Amino acid sequence: MTLPLTENERAWAGLEQAIVARRKAILAGLTEFLRLDTVSQNPDGVRAGGEWLARAMRARGLDASVMETGGNPAVYGSLPLPGASRTVLIYCHYDVKPAPPAGWLQPSPFEPILRLGTADEGGPILGLADVADDLLPQHRLYARGAADDKGPIWAHLTAVELMRAQGLAPRVGLKFIFDGEEEMGSTHFGAFTERHRDLLAADVALVMDGPKDASGRPTVAFGARGILSLELTLETARRDVHSGNFSVPNPAWRLVGLLASMAAPDGTPLVEGLEDGVVPPTAAERELMGRIPLDRGAIEKELGVALPTEYLERLMFHSTLTIRGLKSGFTGPEAQTIIPNQATVAFDARLVKNQRVDVVYRRILEHIRGQGFAVIESADAPIPDELRGRAVRVVERRGYDPAKTAADLPISRQVIDVVERAHGGEAAVVLPTMGGSVPLWAFTDILKLPTIVVPYANANNRQHSPNEHLRLDHLYQGVMTTARLLHDLG
């Protein structure tokens, strides 16, 4: 005999049915959000997107405001619950990476489209009206920001809206803080957090950024690497010169030589003292890594390169130096036989526990000086003629520290349990830390909060690359996960 559903079970079944009934409406709202150009380096667009987001939050019963940071604004929202035993602070970011059209297999990165499979597979472009409601979860939504990080934001707002409609009120005090400059290093977020400690006070911080595990299982992470992003230039002559008519120092050769001294061919950093104090994984963390369902063969097949044997340990417990862009002279249709006068590199250092961004920055400068170069820490200070070809200029510097929360805290175990419950009891993949970077330190170090990452986006969603996308089954699952967290953590 089948027992009748309890009132609580009926409420959750009703929420599931409401998500199914509103699949197209949920997608339409996210599509409108994605059309807003909130590229970090477009401050007017970010501000307009923040105002739009605040209005969307107010329409769902949240108190919301756009708050100044000294850079791109943050958006704050709250849903107080007097007498609640716990307050949850949720962080996401609504700014996105630049999206130059090259490589995008659709007319515009800011005009969302649907595909049944991946763009690389050549599936046809579909519009919202082209797909039946019951088939939507099988499709992927392509647009800049779909996965990183507007999709998770929209899952949160939808959860708040549908919970109210189903009589499933949150049982925690709720606060949202949506960052407007995460994609360029959250430059002002630390100081903003310092100024607004009381406003952001909570018992736990949840961060919905990054991808789930490639297995598709629910994923919970307890830290993130920090990051130091630098842009350096090396200048020789005052202008480009004809390579046959002049013989002058070539800045590209000099810069390439410097970079080769900073890392081994396999990417292992060679900067002196860079990893001083770095702590290897504990026995418990090694046990967690051993449970991660890494499909090494699938990754190697997809990328066409071999992975190091200590792949996960490199991602989680070691710093890296990554050249993300090099520029000097001309190539392709613009190629010219010149000696360029300037070479530029943009690179990132990922930082792990016990590393500090200011210390790593100084170690890198010490290494550059040790290679015989002067360092000019100014984007516009003139270069003395005697230093041309021998001075490296720091054009840009930004970043933040790494952060970790213990995975064995009671709240850590509770979050894992709730996330698994939201996924129908499926076991979560638990990560000691993520390989990517999110400004968790603002919560762990400034607000002194346990801070836990619960990714919503699918693995290999192409974040930061052309053809970024979000699987719609992950979007709808995200609504249920948020609802469960807001209810069951109370």
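This note walks through some helices, sheets, cores and single residues of the structure above.

1. **Before we start.** The model is a predicted one, so please read it with its cut-offs in mind: local features need pLDDT of at least 70, side-chain atom pairs count only at pLDDT 80 or more, and totals for chains, interfaces and linings use all residues. Residues are numbered from 1 along each chain as its sequence is written, and side-chain values use heavy atoms, with hydrogens and water left out.

2. **Helix α11.** Helices (H or I, at least four residues) and strands (E, at least two) are DSSP runs, numbered from the N terminus. Helix α11 covers residues 357-370, and its 14 residues should span 20 Å at 1.5 Å a residue, which agrees with the 20 Å between its end C-alpha atoms. The expected span is 1.5 Å times one less than the number of residues. After the helix comes glycine 372, with a positive phi near 95°.

3. **One side of α11.** Which residues of α11 are buried? They are Val357, Val360, Tyr361, Ile364, Leu365, His367 and Ile368. These residues cover an arc of only 155° around the axis, which puts them on the same side of α11. Here, buried means under 20% relative accessible area, exposed means over 50%, and partly exposed is in between (1.4 Å probe, protein chains only). The arc is that of the directions from the helix axis to the C-beta atoms.

4. Two strands pair if DSSP finds at least two bridges between them. An open sheet of five strands has the order β12-β14-β10-β16-β15, with mixed pairing. β12 and β15 are at the edges with a single partner strand each, so one side of each is left without a neighbour in the sheet. From one strand to the next, the twist averages 30°. β15 and β16 pair in the parallel sense over three bridges, and isoleucine 376 has arginine 393 in β16 as its bridge partner.

5. **Helices on that sheet.** Contact means heavy atoms within 4.5 Å. For angles, axes are lines fitted to C-alpha atoms, for helices over the stretch in contact, and values run from 0 to 180 degrees between N-to-C directions. Helix α7 lies across β10, β12, β14 and β16, at about 15° to β14. α11 also packs on the sheet, where it touches β10, β12, β14, β15 and β16 and makes about 30° with the direction of β10. The buried residues of α11 pack against α7 (251-260) too, among other elements.

6. **The three-stranded sheet.** β4, β5 and β20 form an open sheet in the order β4-β5-β20, with antiparallel pairing. Its edge strands are β4 (113-115) and β20 (469-471), each pairing on one side only. β4 and β5 (residues 140-142) share three bridges, and isoleucine 113 has tyrosine 142 as its bridge partner in β5.

7. **An enclosed strand.** How many of the seven residues of β6 (residues 173-179) are buried? Seven of the seven are, so β6 is largely enclosed by the rest of the structure. On one side sit Gly173, Lys175, Ile177 and Asp179, and on the other Leu174, Phe176 and Phe178. β2 (residues 74-79) runs antiparallel to β6, joined by five bridges, whereas β3 (residues 87-93) pairs with β6 in the parallel sense over seven bridges. Look for lysine 175 in β6: serine 78 stands opposite this residue, and leucine 89 has lysine 175 as its bridge partner.

8. **The cores.** A nonpolar core is a set of buried Ala, Val, Leu, Ile, Met, Phe, Trp, Tyr and Cys residues joined through side-chain atoms within 4.5 Å. The largest has 72 residues, and Leu53, Leu206 and Val415 have the most contacts inside it. α4 gives the most to this core, with 10 residues. Apart from this core lies another of 37 residues, among them Ala74, Met289, Val429 and Leu447.

9. **Methionine 208.** This residue lies in the loop between β7 (204-207) and β8 (219-221). Is methionine 208 buried or exposed? Methionine 208 is buried, with a relative accessible area of 1%. Leaving aside residues up to four places away in sequence, methionine 208 touches several others, including Ile90, Asp149, His156 and Leu485. Methionine 208 and threonine 482 are 274 residues apart in sequence and 9.8 Å apart in space, C-alpha to C-alpha.
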